[in-house]
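Colleague: I am new to this structure. Please walk me through how to read its features.

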Amino acid sequence: MPEAPPPQPLTGLLLSGGGARAAYQVGVLEAIAQLRRLCGQARGPNPFPIIAGTSAGAINGAALACGADHFERAVRRIARAWSHAHAGQIYRADSLGVMQSGARWLTLLSLGWALARWQRTRPHSLLNNAPLEQLLCRLVPLVRLPMLIRQGHLRALAITASSYSSGEHVTFFEAGTNVPIWTRSQRKAARDRITPEHLLASSAIPFIFPAQAVDIEGHTEYFGDGSMRQSAPLAPAIHLGAERILVVGAGRMHEPADEAPPTPTYPTLAQIAGHALSNIFLDALSVDVERAQRINQTLSLIPPEVRARSSLRPVELLVIAPSQRLDAVAARHVTDLPVTVRTLLGALGVTSNAQDVRGAALASYLLFEQGYTRELMALGRADAFARRADVCRFFGWDDPGTPIP
């Protein structure tokens with residue numbers, strides 16, 4: 001009787017934050033689904049039993065988790081939503097909505113000392129993301145998660161947010177009872193039923209979107225984007241048991257260097273804000289991936305019997321990140337934004353000049369318009385197909401070499 005094949009290692013998917021940049025992740029998932037089908041694995045189990053997401057990556061991850069019993073159908077559904085995206089689905093882009101949030105916010109910046117005494121003049125954010133909650137209810141059927149976990153299609157979904165109230169970085173996760181809770185310095189896990197409030201909290205870009213109230217451990221705290229103060233983005237997937245992780249980034253790691261020399265002019269508010277958001281969304285992931293790779297290399301030098309006595313274990317990583325600068329892609333699409341939003345961002349220094357890459361950095365996170373999202377999805381597919389051999393090796397798929405249609 002032939003021996004049974006060895007069990008496959010638990011595979012995790014890590015989707016980072018990045019606002020509208022997360023459309024790139026959907027293109028990567030489309031390519032994974034297509035390669036899976038070409039390799040004859042379409043009827044196999046869910047390739048990602050562990051899913052961890054932050055910010056917009058949390059929304060993509062939750063939508064994928066809710067379709068864990070039919071991976072390809074879930075990917076098609078997410079791709080359809082992103083390919084028909086427009087800003088009004090995410091935040092109020094009408095004149096009244098922008099005036100009630102953004103215009104008042106900018107006014108408060110200039111006259112704040114005189115106006116702050118009246119509580120009603122204190123807007124919570126630059127933009128009002130109330131439409132996003134309605135989109136989440138349609139796109140992410142979270143009520144399916146307990147059933148999918150019971151049936152074995154999904155092991156765990158983790159959503160990370162940052163508490164303005166306590167200063168802690170919290171990973172909310174829904175999983176079976178056999179998954180333990182963990183606590184580390186300034187970050188902890190909380191077992192919970194994932195709700196739209198958790199997704200709104202994780203994706204509440206600082207200053208741009210309002211903080212979200214979430215009940216935790218018997219009290220209410222206000223949370224913002226999970227990318228803030230995120231020192232170990234890989235940690236949730238590892239704690240949940242992932243032995244190998246596909247990491248899909250939203251910039252920086254594989255982008256070409258900026259060819260233009262630094263400008264001698266004073267930076268605009270848009271440039272400063274874009275620089276700050278890039279630090280929040282992109283830098284920690286690069287550092288954590290490098291740290292994990294160093295740990296893997298160190299462990300490979302230790303004898304197996306000694307390694308077994310250590311709490312450290314190797315984790316196989318496959319990282320797919322944009323091969324083009326997404327700021328430059330955004331600069332070509334700034335004019336796609338509604339006039340009201342373009343005017344608001346123009347007050348901060350975002351221009352319609354397709355060559356103004358640095359000024360477009362802020363817009364790259366807010367450009368929920370289909371011209372931009374479709375270009376990012378196409379880039380994600382191309383980058384993943386370029387790593388075809390690595391993808392098939394990572395999953396252990398036999399690649400027949402069938403050309404991509």
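Modeller: Start with polar contacts. A polar contact is a pair of N or O atoms within 3.5 Å; within protein, one must be able to donate a hydrogen and the other to accept it, and residues adjacent in sequence count only if both atoms are side-chain atoms. Here is a case. The side chain of Ser-163 reaches the backbone nitrogen of Ser-166 at 3.0 Å.

Colleague: What kind of model is this, and how are residues numbered?

Modeller: This is a predicted model, so local features need pLDDT of at least 70 and side-chain atom pairs count only at pLDDT 80 or more, while totals for chains, interfaces and linings use all residues. Residues are numbered from 1 along each chain as its sequence is written, and side-chain values use heavy atoms, with hydrogens and water left out.

Colleague: Is Ser-163 buried or exposed?

Modeller: First the scale. Buried means under 20% relative accessible area, exposed over 50%, and partly exposed in between (1.4 Å probe, protein chains only). Ser-163 counts as buried because its relative accessibility is 3%.

Colleague: Where is Ser-163 found, and which residues is Ser-163 in contact with, leaving aside neighbours within four places in sequence?

Modeller: Elements come from DSSP runs, numbered from the N terminus: helices are H or I with at least four residues, strands are E with at least two. Ser-163 is in strand 3. Contact means heavy atoms within 4.5 Å. Leaving aside neighbours within four places in sequence, Ser-163 is in contact with Glu-168, Glu-221, Tyr-222 and Phe-223.

Colleague: Which side chains make a polar contact with the side chain of His-198?

Modeller: There are two to look at. The side chain of Asp-192 makes one at 3.4 Å. The side chain of Thr-195 makes another at 3.0 Å. His-198 lies in helix 7, residues 196-202. With a relative accessible area of 4%, His-198 is buried. Beyond four places in sequence, the contacts of His-198 include Ile-159, Phe-172 and Val-214.

Colleague: How do I read a nonpolar core?

Modeller: A nonpolar core is a set of buried Ala, Val, Leu, Ile, Met, Phe, Trp, Tyr and Cys residues joined through side-chain atoms within 4.5 Å. In this structure the largest one has 103 residues, and Phe-48, Leu-64 and Tyr-91 touch the most other members. Helix 1 (residues 23-38) gives the most to this core, with nine residues. Take Phe-48. Not counting residues up to four places away in sequence, Phe-48 touches Leu-29, Ile-32, Leu-64, Phe-71 and Phe-395, among others. A second, separate core has 22 residues, including Ile-50, Ala-242, Leu-285 and Leu-317.

Colleague: What separates a cavity from a pocket?

Modeller: Both are found on a 1 Å grid over the protein atoms alone: a cavity is a set of points where a 1.4 Å probe fits but cannot get out, and a pocket is an open set with protein on both sides within 12 Å along at least five of seven lines; lining residues have an atom within 4 Å of a point. Grid points are joined across faces, edges and corners, and a volume is the space filled by probe spheres set on the points.

Colleague: How many cavities of 30 Å³ or more are there?

Modeller: The count is three.

Colleague: What is the volume of the largest pocket?

Modeller: About 470 Å³. Of its 16 lining residues, Ala-235, Ile-238, His-239, Ile-295 and Leu-312 lie nearest the centre. Helix 9 gives the largest share of the lining, five residues. By class, the lining of the largest pocket has eight nonpolar, three polar and five charged residues.

Colleague: How should I read a positive phi?

Modeller: Most residues other than glycine have a negative phi. Glu-217 has a positive phi, near 55°. Glu-217 is in the loop between strand 7 (212-216) and strand 8 (219-225), and is exposed at 59% relative accessibility. Arg-229 also has a positive phi, about 60°. Arg-229 lies in the loop between strand 8 and helix 8 (235-239).

Technical notes: Nonpolar A, V, L, I, M, F, W, Y, C, P; charged D, E, K, R; others polar.
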